[in-house]
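Visitor: I am new to this structure and would like to learn how to read it. Could you take me through it slowly?

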Amino acid sequence: FLAEDFDYALTVVNSGIEGMESEWKEMLLTKIRAHQAASAGKNEEAARLFQQFMDKIKATDEAQVGAQDPSTGLRVTKDEVLGLNAARISNLWRLVGNTEKSKASMEEAKTHYAKALATSKEGSEERKAIQKKIAELE
């Protein structure tokens, strides 16, 4: 994702990653396709795909979702992942002129980030990162 070479990412995931369960594979494929659609300016399609990805994340245990953000090295929670993607969806709906869906997605992003903030450790780098993300939503 960091290199934004989504065709290559699709190839790698489709070829199989040892130990990856089929549900994780499908989740990753959905996310990659969402990024591809957004990069191609297919904003409605991207919004729908990111929503599908979010739905899969919502149905996944926190322990399976929480991971390290490769761009920061910080641990991210399920609510942070959901908040980030809801904010992406909000922006995509804004780009196509759907103000109602954009606002609803932004409210969802704020809700997820608020939950992430509430469970973060006071003074931690993770908490500071969440606070920064919340500030960027305004």
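Guide: From the N terminus on, the elements of the protein chain follow the order α-α-α-α-β-β-α-α-α, where helices (H or I, at least four residues) and strands (E, at least two) are DSSP runs numbered from the N terminus. Please keep in mind that this is a predicted model, in which local features need pLDDT of at least 70 and side-chain atom pairs count only at pLDDT 80 or more, while totals for chains, interfaces and linings use all residues. Residues are numbered from 1 along each chain as its sequence is written, and side-chain values use heavy atoms, with hydrogens and water left out.

Visitor: How many helices and strands does the protein chain have?

Guide: The protein chain has seven helices and two strands.

Visitor: At what angle do helix 6 and helix 7 pack?

Guide: Axes are lines fitted to C-alpha atoms, for helices over the stretch in contact, and angles run from 0 to 180 degrees between N-to-C directions. Here helix 6 (residues 99-119) and helix 7 (residues 125-137) pack at about 160 degrees, with their axes 10 Å apart. Helix 6 is therefore roughly antiparallel to helix 7, a term for angles over 145 degrees.

Visitor: Which residues of helix 6 and helix 7 meet?

Guide: Contact means heavy atoms within 4.5 Å. Met106, Ala109, Lys110, Tyr113, Ala116 and Leu117 in helix 6 meet Arg127, Ile130, Gln131, Lys133, Ile134 and Leu137 in helix 7. These contact residues comprise eight nonpolar, one polar and three charged.

Visitor: How much of the protein chain is buried?

Guide: Buried means under 20% relative accessible area, with a 1.4 Å probe and protein chains only, and 36% of the 138 residues of the protein chain count as buried.

Definitions and conventions
Angles under 35 degrees count as roughly parallel, over 145 as roughly antiparallel, 65 to 115 as roughly perpendicular and the rest as oblique. Ala, Val, Leu, Ile, Met, Phe, Trp, Tyr, Cys and Pro count as nonpolar, Asp, Glu, Lys and Arg as charged, and the others, Gly among them, as polar. Buried means under 20% relative accessible area, exposed over 50%, partly exposed in between (1.4 Å probe, protein chains only).
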